[in-house]
Amino acid sequence: MITSVDNPRVKEVVRLRGSRERRASGLFIAEGRREVERALGSGLKAQAIYVAPELIEWTGGEEVSAKVLAKMAYRAEPEGVVGVFVAPTHAVPASPSLVLVCVGIEKPGNLGAMARSAVAAGADALIVADGVVDPFNPNAIRASTGAVFTLPIVAGALEDVQGLGIELVAAVVGATQRAWEADLASPTALVIGAEDEGLDARWRQACATHISLPVIGEGVDSLNAANAAAVLLFEAVRQRSVTS
């Protein structure tokens, strides 16, 4: 059992809290029973599993003290298991039907929530454009409920999105065309911008269709980016169920 927080293996795990270290090593941390089980169930390669028997019942893995597990963990009250996994590499599938494009998203929780909605809606991929957010940030993993383990999440630029050969549909505050008035049943890339600034002129010009969601109540001017993505994804699902 590892009992010292100064153990080199503990320090290696702690370093993986940083995005730079995750990208350089190609590794990430999954923390908690649900996340570790889903990472394993997704077929991801586990480099190590650390378990604190004082905190959780778990078969297998390297035993550590509760103090060491707390040092490794990102959460204030860890469940007792932490896994170090090899990050998967993906590409957008050929001839995609539905892709979510997140432009300039900076909050890991938003990206994780978008990934969760994309998987639920049967999207083929999620493209992260013009952003620095890491899909394997612990907050992104938690918000996605493990969706980042299976969904193809790809970093890309505008040119990559245009190269998909499908319709680019931009969510733009104030657009006169409502989401349900646009054709989202055809192969579509739904493009969502950051909450503070939305899509810049370059992205808006590249998208042939602009759509919006009506805001009826007073006091807000738009939805949270993750919420807007979920509504638009399921509007696409609705249209496809009608036309199928």
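This is a predicted model: local features need pLDDT of at least 70, side-chain atom pairs count only at pLDDT 80 or more; totals for chains, interfaces and linings use all residues.
Me: What does UniProt list for residues 29–91?

Reply: The unreviewed UniProt entry gives "domain: RNA 2-O ribose methyltransferase substrate binding" for residues 29–91. UniProt positions are in the numbering used here, feature names are shortened, and annotations may be inferred rather than shown by experiment.

Me: How do I read a sheet, and what is the strand order in the sheet of 4 strands?

Reply: Two strands pair if DSSP finds at least two bridges between them. Here the order is β1-β4-β2-β3, in an open sheet with mixed pairing. The edges are β1 and β3 (62–63), each with a single partner strand, so one side of each has no neighbour in the sheet. Strands β2 and β4 are antiparallel, with 5 bridges between them; Ile49 has Gly83 in β4 as its bridge partner.

Me: Which strands does helix α1 touch?

Reply: Contact means heavy atoms within 4.5 Å. Angles run from 0 to 180 degrees between N-to-C directions, and axes are lines fitted to C-alpha atoms, for helices over the stretch in contact. Helix α1 (residues 8–15) packs on the sheet and touches β1, β2, β3 and β4, with its direction at about 110° to that of β2. Helix α3 lies across β1, β2 and β4, and runs at about 30° to β4.

Me: Which residues of α3 are buried?

Reply: Buried means under 20% relative accessible area, exposed over 50%, and partly exposed in between (1.4 Å probe, protein chains only). In helix α3 (residues 33–41), Glu35, Val36 and Ala39 are the buried residues. Viewed down the axis of α3, they fall within an arc of 95°, so they line one face of the helix. The arc is that of the directions from the helix axis to the C-beta atoms. These buried residues pack against β1, β2 (46–51), β4 (81–86) and α6. Just after α3, Gly43 has a positive phi of about 85°.

Me: How many aromatic pairs does the whole structure hold?

Reply: Rings of Phe, Tyr and Trp (its six-membered ring) pair if their centres lie within 6.5 Å; planes under 30 degrees apart count as stacked, over 60 as edge-to-face and the rest as tilted. A search of the whole structure gives 3 aromatic pairs. In one of them, Phe28 and Phe136 have ring centres 4.5 Å apart and planes at 25°, so the pair is stacked. Phe28 sits in strand β1 (residues 27–31) and Phe136 in the loop between β6 (125–129) and α6 (138–144), so the pair ties together parts 108 residues apart in sequence.

Me: Is Phe28 buried or exposed?

Reply: Phe28 is buried, at a relative accessible area of 0%, and Phe136 counts as buried at 10%. Phe28 also stacks with Phe149: the ring centres are 5.7 Å apart and the planes are at 25°. Phe149 lies in the loop between α6 and β7 (153–156), 121 residues from Phe28 in the chain. Phe149 is buried too, at 2% relative accessibility. Ring pairs link Phe28, Phe85, Phe136 and Phe149 into a cluster.

Me: What is the strand order in the sheet of 6 strands?

Reply: This open sheet has the order β7-β6-β5-β9-β8-β10, with parallel pairing. Its edge strands, β7 and β10 (209–211), each pair on one side only. From one strand to the next the twist averages 25°.

Me: Where do the buried residues of β9 lie?

Reply: In a regular strand the side chains alternate between the two faces of the sheet. Both faces of β9 are covered: Thr188, Leu190 and Ile192 are buried on one side, and Ala189, Val191 and Gly193 on the other.

Me: How many bridges join β5 to β9?

Reply: Strand β5 (residues 98–103) runs parallel to β9 and is joined to it by 6 bridges, with Thr188 as the bridge partner of Leu98. Strands β8 and β9 are also parallel, over 4 bridges, and Glu167 stands opposite Thr188. Strand β8 (residues 167–171) pairs with β10 in the parallel sense over 3 bridges, and Ala170 stands opposite His210 in β10.

Key
Residues are numbered from 1 along each chain as its sequence is written. Side-chain values use heavy atoms; hydrogens and water are left out. Helices (H or I, at least four residues) and strands (E, at least two) are DSSP runs, numbered from the N terminus.
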